[in-house]
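Grab a pencil and work through these exercises with the model open beside you. Try each task before you read its solution.

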Amino acid sequence: MGSSPPLAIADICDAYSHLLTNGELRPLPPVFQIYGRNKEGHGRVLVVDGCGSLRSAIIGGNLAKRAQNNGWAGIVVYGCIRDVDDINLCNIGVRALNSYPVKPGKKGNGEKHIPVTIAGTRVCDGDWLYADSDGILVSSVELAGV
């Protein structure tokens, strides 16, 4: 017996409107472009806070391929990516503000497992992200049946 397809983001919003009201379910603003082959995924998602910068790319094809090979389902970048053709060949979902060809100046290691604010929406370690072509939802709890 096959499994049913995942609920669409719009259907999740309808079914869980009470969670939208109380803030446990938070939509990210519609500012992200869709990259990569995986439009929906089940698994870990890397969220990278680039502070919305459009001055350099934070993620490129090599890092996207490494994330794919390490079993990540997706990457959400609040900033830019580069190597779009390479990323679009990866079996990973990637959302970013846009693409930009300039690599970042390396300033050291970033922080892990800390809350970030992405386009005005708080995302914490352990949150659940749900995405499709309509957008991205952040949930404090796993949604049943999704």
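A helix here is a DSSP run of H or I with at least four residues, and helices are numbered from the N terminus. Keep in mind that you're looking at a predicted model.

**Exercise 1.** Work out which residues of α3 are buried and which are exposed.

*Solution.* Start with the cut-off: buried means under 20% relative accessible area, and exposed means over 50%. G61, A64 and A67 are the buried ones. They span an arc of only 125° around the axis, so they sit on the same side of α3. Now turn to the other side of α3, where N62, R66 and N69 are exposed. Last step: what lies over the buried residues? The cover includes β4 (57-59), β5 and α4 (84-87).

**Exercise 2.** Track down the largest nonpolar core and say which element gives the most to it.

*Solution.* This core has 13 residues, and Y35, I75 and V77 are among those with the most contacts inside it. Next, look at the elements: α3 (61-69), β5 (74-81) and β6 each give two or more residues. With three residues, β5 gives the most. Another core, of ten residues, lies apart from this one, and V76 and L97 are among its members.

**Exercise 3.** Decide whether N109 is buried or exposed.

*Solution.* First locate N109 in the loop between β6 (93-99) and β7 (116-118). Its relative accessible area is 80%, so N109 is exposed.

Definitions and conventions. Residues are numbered from 1 along each chain as its sequence is written. This is a predicted model: local features need pLDDT of at least 70, side-chain atom pairs count only at pLDDT 80 or more; totals for chains, interfaces and linings use all residues. Side-chain values use heavy atoms; hydrogens and water are left out. Buried means under 20% relative accessible area, exposed over 50%, partly exposed in between (1.4 Å probe, protein chains only). A nonpolar core is a set of buried Ala, Val, Leu, Ile, Met, Phe, Trp, Tyr and Cys residues joined through side-chain atoms within 4.5 Å. The arc is that of the directions from the helix axis to the C-beta atoms. Contact means heavy atoms within 4.5 Å.
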